[in-house]
Amino acid sequence: MRFAHTVHLYELRGMNFNRVAPWFERLEKMVFRDQMQICRTAFLSDLPAIKKAALIGEGNGTFLVQFLEHCNCEEVHYIDSSKTMLDLAQKRLQKSVIPGSTRIEFYSLDLSLDAMPDQNYDLIVTNFFLDVFSAAMLKNVITKITSACSRDAHWLYADFQITGNRFQRWRAFAWVKTMYLFFRFTAGIQTTSLADPSTLLDRNGFQVKWSTEFDNGLMRSELRQRK
């Protein structure tokens, strides 16, 4: 298990999840029970053989352990802008009984500023990560990620959405608005509205193979593949 550092300006820009990191898992379970974790892991069993994966913005490692149980890939690059989140993920991994932790490399990176740490990833995972970016910044981040992918790479995506009938849309809007206000105060998030990355992923060749919804349509999980 290795840790790679890079110089970045994330804290200077004001967005910083270090303060909320120790409480994130508890807050998640209090508000959404296990629905976010179920959404994250919905298609783990459907992944093909993977050699090199980038897990981006995965925070405290709740997804990492289950991912390693399902995927015996040669390299895993675990990328997050929060040093505290990365520390929590490493501690969680150390407590697990999963062998092969040397194949995991941790990177402290802000992808709105920094480049991907490597190339030729055949799996990208972005669970509840892309929602922190404005529409303009989202385009930049997705372009940066897709440029580091292999020709037939897969992409695991899970996030909130505002869709469905009138009640579902009202409920989703209320939840998303509340979360943005909370994270604006606790983590300095600047965006105030949810940008759907679907069109950008489609344009970069990542087509939906499988998709499902959770929590009455509030969350969506997708497995995409580049074609």
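Tutor: Let us begin with a term: helices (H or I, at least four residues) and strands (E, at least two) are DSSP runs, numbered from the N terminus. Phe182, for instance, lies in helix 7, residues 166–186. This is a predicted model, in which local features need pLDDT of at least 70, side-chain atom pairs count only at pLDDT 80 or more, and totals for chains, interfaces and linings use all residues. Residues are numbered from 1 along each chain as its sequence is written, and side-chain values use heavy atoms, with hydrogens and water left out.

Student: Is Phe182 buried or exposed, or partly exposed?

Tutor: Buried means under 20% relative accessible area, exposed over 50%, and partly exposed in between (1.4 Å probe, protein chains only). Phe182 has a relative accessible area of 35%, so Phe182 is partly exposed.

Student: Where is Thr186, and what is its relative accessible area?

Tutor: Thr186 is also in helix 7. Its relative accessible area is 14%, and therefore Thr186 is buried. Contact means heavy atoms within 4.5 Å. Leaving aside neighbours within four places in sequence, Thr186 is in contact with Asn16, Arg19 and Val20.

Student: How are two packed helices described?

Tutor: They are described by the angle between their axes and the distance between the axes. Axes are lines fitted to C-alpha atoms, for helices over the stretch in contact, and angles run from 0 to 180 degrees between N-to-C directions. Here helix 2 and helix 5 (residues 83–95) pack at about 65 degrees, with their axes 8 Å apart. Helix 2 is therefore roughly perpendicular to helix 5, a word used for angles of 65 to 115 degrees.

Key
Angles under 35 degrees count as roughly parallel, over 145 as roughly antiparallel, 65 to 115 as roughly perpendicular and the rest as oblique.
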